[in-house]
Amino acid sequence: MAIKQQQRVRQGLEQRQWLSPQQIQTIKMLELPTLELEEYIKNELEENPALEEGKEIKAEENDFGGENEDDDYDSQDANEDLSLGDYMYEDDIPDYKLAEISSREEHRESVSYNSDLSLSDYLLQQLQLQDLPETDRKIGEYIIGNIDDYGYLSCDLKTISDQIAFQSGEEYGEEELSDVLSIIRDFDPPGVGAMNLQECLLLQLKKRKDIKERLLAIKILSHYFDDFSGKHFEKIRKSLNISEEQMKSAIEGIKSLNPKPGSNWDNSMTTIMNHVTPDFIVETAGDGITMSLNNGGIPNLRINREYADMLKDYSGNKANRTADMKSAVMFVKQKIDAAQGFIDAVRQRQETLERTMDAIIRLQSDFFLYGDESKLHPMILKDVAQKTGYDISTISRVSNSKYVQTNFGVYPLKFFFSESAQTESGETVSTRKIKQIIKDEVDAEDKKKKPLTDEELTAKLKSRGFATARRTVAKYREQLGIPIARMRKEI
């Protein structure tokens with residue numbers, strides 16, 4: 001009984017602070033890359049009539065006047081400090097006050113993407129050109145609707161048959177669907193409509209008359225696909241009793257095929273948004289480094305003048321207010337408050353990104369000056385948090401999905417973060433340096449005779465002064481996307 005009473009007391013005394021909608025909006029904006037922010041702003045401009053493009057109205061002109069006694073809508077000062085609260089796995093929220101963003105020259109990196117038809121539309125066009133009964137055409141539309149962005153059929157024919165029966169009440173056998181699928185598999189791009197990689201490659205081979213050992217390649221994929229996937233090339237060669245030259249030619253032909261035939265047709269909004277567009281521009285000249293945000297597509301935002309005047313008129317006519325006028329005041333004020341909150345959230349995002357990137361540049365100035373990965377220093381989220389005064393969770397949100405354009409290429413912000421390692425002499429270096437050595441050794445290895453094993457890579461690192469355990473080397477190799485030695489062997 002005493003324990004239960006203590007629990008009730010503890011529950012009664014617990015205080016939880018929740019973030020306001022505007023604070024959540026600010027956090028969400030931190031996570032958005034530039035292209036997604038532009039789309040987010042565009043949607044807000046369409047939805048809130050009190051928000052418009054243009055330079056902000058001066059403070060003295062933005063005095064709406066009026067009293068709050070009739071307003072049930074409670075808004076917080078957009079510039080007030082963010083309070084600590086519960087948000088997304090109890091991440092801490094930074095508590096800093098914003099300063100005005102200094103003006104900078106804006107840069108804009110153009111983004112190009114395929115504006116042609118989507119893969120689905122492209123396949124439907126080809127379907128319409130076929131001389132098919134209406135029934136087969138309808139089946140074809142359902143099948144195409146189940147082909148994913150990579151060109152693969154995402155479910156089996158039984159599932160598609162069930163879909164058709166559920167949606168249209170018409171029942172078709174798997175044999176009927178299979179006949180129509182065969183027609184679709186003959187469409188462009190080659191390999192479309194396959195259910196797995198093996199089918200996809202075989203469909204392409206049947207059309208690729210230019211491949212020298214095409215029939216041999218078909219035989220390898222048809223009967224030795226697992227061995228091919230495992231790169232057991234010598235086993236396949238002996239089993240087929242063919243020469244090394246024939247084997248090599250067949251493998252090269254297979255390698256020329258496209259494992260994702262639909263990828264070139266994917267122009268969905270998600271793909272467009274995922275194109276790499278730098279959020280920051282860092283330029284160096286001599287020993288100087290300059291940084292700017294890539295804000296060319298982000299418009300200036302302000303409160304709509306008509307809405308501001310409307311609220312001022314309503315507020316100044318308090319004596320003659322009717323119930324309808326009070327509702328109108330409430331609506332206009334809510335829209336204006338939401339618009340002002342949105343403007344402040346955009347400004348806060350820009351300030352946070354700018355300050356975070358400044359800190360990264362200071363910590364990694366050698367790389368930005370010379371472009372040499374070996375000059376990257378160990379750096380973790382905590383280091384940037386200490387430089388900026390922000391919380392680690394804020395730095396994490398800024399670093400996700402953001403890119404920086406430098407004199408040496410475009411890099412994700414996460415590229416600059418790495419843990420530290422020590423040499424045998426006690427020198428502290430970035431783990432990225434060890435990974436670079438592993439990559440260089442693998443690039444230089446003899447892949448035909450004997451690719452380097454993890455044990456051999458460990459020995460090579462030790463000879464350079466890095467006493468790294470074999471399991472650590474294996475972890476770094478996997479992080480670099482390098483397969484094990486057997487999978488790197490070539491014929």
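**Aromatic contacts, core and secondary structure**

Phenylalanine 367 is buried, its relative accessible area being 0%. The model in which this residue is described is a predicted one.

**Aromatic pairs**

- The count of aromatic pairs comes to 11. In one of them, the ring centres of phenylalanine 367 and phenylalanine 408 are 6.4 Å apart and the planes stand at 65 degrees; because planes over 60 degrees apart count as edge-to-face, this pair is edge-to-face.
- This pair links distant parts of the chain, 41 residues apart: phenylalanine 367 belongs to helix 16 (residues 365-370), and phenylalanine 408 to the loop between strand 5 (403-406) and strand 6 (409-412).
- Phenylalanine 408 has a relative accessibility of 34% and therefore counts as partly exposed, whereas phenylalanine 367 is buried.
- Phenylalanine 367 also forms an edge-to-face pair with tyrosine 411, with 5.3 Å from centre to centre and 85 degrees between the planes.
- Since phenylalanine 367 lies in helix 16 and tyrosine 411 in strand 6, their pair ties together parts that are 44 residues apart in sequence.
- Tyrosine 411 has a relative accessible area of 14%, so this residue is buried.
- Ring pairs join Phe367, Phe368, Phe408, Tyr411, Phe415 and Phe416 into a cluster.

**Charges over rings**

- Arginine 432 places its charged end over the ring of phenylalanine 415, 4.3 Å from the ring centre; phenylalanine 415 is also one of the residues in the aromatic cluster.
- The charged end of lysine 260 sits over the ring of tyrosine 150, at 4.7 Å from the centre of that ring.

**Nonpolar core**

- The largest nonpolar core comprises 25 residues, and those with the most contacts inside it are Phe280, Met357, Ile360, Val404 and Phe416.
- At least two residues of this core come from each of strand 2, strand 3, helix 15 (323-363), helix 16, helix 17 (381-388) and helix 18 (392-399).
- Helix 15 makes the greatest contribution to this core, with 5 residues.
- Leaving aside residues up to four places away in sequence, methionine 357 touches Phe280, Val282, Met291, Phe368, Val404 and Leu413.
- In soluble globular proteins, nonpolar side chains tend to be buried together.

- Strand 2 (residues 280-285) and strand 3 (residues 288-293) run antiparallel and are joined by 6 bridges.
- Threonine 284 has isoleucine 289 in strand 3 as its bridge partner.
- The two strands form a hairpin with 2 residues between them, and glycine 286 in the turn has a positive phi of about 70 degrees.

**Helix 20**

- In helix 20 (residues 454-463), the buried residues are Asp454, Leu457, Thr458 and Leu461.
- Viewed down the axis of helix 20, these buried residues fall within an arc of 105 degrees and therefore line one face of the helix.
- Lys462 and Ser463 are exposed on the other side of helix 20.
- The cover over the buried residues of helix 20 includes helix 19 (431-444) and helix 21 (470-479).

Definitions and conventions:
Residues numbered from 1 in each chain as written. Predicted model: local features only at pLDDT ≥ 70, side-chain atom pairs only at ≥ 80, totals over all residues. Heavy atoms only, no water. Phe/Tyr/Trp six-rings, centres within 6.5 Å; stacked < 30°, edge-to-face > 60°. Helix = DSSP H or I, 4+ residues; strand = E, 2+ residues; numbered from the N terminus. Buried < 20%, exposed > 50% of the residue type's maximum accessible area, 1.4 Å probe, protein only. Lys NZ or Arg CZ within 6 Å of the ring centre and 35° of its normal. Arc of directions from axis to C-beta. Contact = heavy atoms within 4.5 Å. Pairing = 2+ DSSP bridges. Core = buried A, V, L, I, M, F, W, Y, C linked by side-chain atoms within 4.5 Å.
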